[in-house]
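Good morning, and thank you for making time for this presentation.

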Amino acid sequence: MVIVSEYTSSAESEQLLAEFETIPLAELLERAKDQRRERHETSISYSRKVFIPLTHLCRDVCGYCTFAKAPREVAQPFLPPEQVLASARERRHVRQAGAL
Ligand code: SF4
């Protein structure tokens, strides 16, 4: 079994990538499925934290992002503290581990 992680060197990554490119897609998908089952079985995880965005402004410009807004697109740059509290209170019935 091959496990690629953040500890895999770039040389190892390149070697693995070259190897993967020779494997038919169906086989590669099957291998990936086997690894997923081996490591995580059929578990699906999620975070119980509630996300309260304090701002939609961001210095980065990731092309795929649908969250960040340009300053001209927002009525106010930051969520006022009263709205943060109201948002937290609205969601208190949800079984949550915390707020982000
Ligand atoms: S994904 Fe969106 S919010 Fe995240 S860093 Fe990129 S632009 Fe910013």
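Predicted model: local features only at pLDDT ≥ 70, side-chain atom pairs only at ≥ 80, totals over all residues.

I start with one residue. Ala 99 is partly exposed, since 13 other C-beta atoms lie within 10 Å. For burial, a residue is buried if 20 or more other C-beta atoms lie within 10 Å of its own, exposed if 12 or fewer, and partly exposed in between, with C-beta atoms placed from the backbone.

Residues are numbered from 1 along each chain as its sequence is written.

To return to Ala 99, this residue belongs to strand 2, residues 98–99. Helices (H or I, at least four residues) and strands (E, at least two) are DSSP runs, numbered from the N terminus. Which residues does Ala 99 touch, not counting residues up to four places away in sequence? They are Lys 49, Val 50, Ile 52 and Ala 88. Contact here requires that the C-beta atoms of two residues, placed from the backbone, lie within 7 Å.

Let me now turn to the chain as a whole. The protein chain has three helices and two strands, and their order along the sequence is α-α-β-α-β. Its radius of gyration is 21 Å, well over the 13 Å that the globule rule gives for 100 residues, so the protein chain is more spread out than a compact globule. That radius is taken over C-alpha atoms, and the rule is 2.2 Å times the number of residues to the power 0.38. Along the principal axes, the C-alpha atoms fill a box of roughly 55 × 35 × 25 Å. Buried residues account for 0% of the 100 residues. Of the contacts between residues at least 6 apart in sequence, 57% join residues at least 24 apart.

The protein chain is divided into domain 1, residues 1–45, and domain 2, residues 46–100; such bounds come from an automatic or database domain assignment. The C-alpha centres of domain 1 and domain 2 are 34 Å apart.

I move next to the helices. Leu 16 sits in helix 1, residues 10–20, and is partly exposed, with 14 other C-beta atoms within 10 Å. Between the C-alpha atoms of Leu 16 and Arg 31, 15 residues apart along the chain, the separation is 13 Å.

Helix 2 covers residues 25–40, and at 1.5 Å a residue its 16 residues should span 22 Å, which agrees with the 22 Å between its end C-alpha atoms. The expected span is 1.5 Å times one less than the number of residues. How many of the 16 residues of helix 2 are buried? The number is zero, so helix 2 lies largely in the open. His 40 is found in helix 2 and counts as exposed, with 10 C-beta neighbours inside 10 Å. Glu 41 follows helix 2, in the loop between helix 2 and strand 1 (49–50). Its phi is near 50 degrees, a positive value in a residue other than glycine. With 7 C-beta neighbours inside 10 Å, Glu 41 is also exposed.

Finally, the ligand. Cys 58, Asp 60, Val 61, Cys 62, Cys 65, Phe 67 and Ala 68 surround the ligand, where a residue is near a molecule if its C-beta atom, placed from the backbone, lies within 6 Å of it. By class, this shell has six nonpolar, no polar and one charged residues. Ala, Val, Leu, Ile, Met, Phe, Trp, Tyr, Cys and Pro count as nonpolar, Asp, Glu, Lys and Arg as charged, and the others, Gly among them, as polar.
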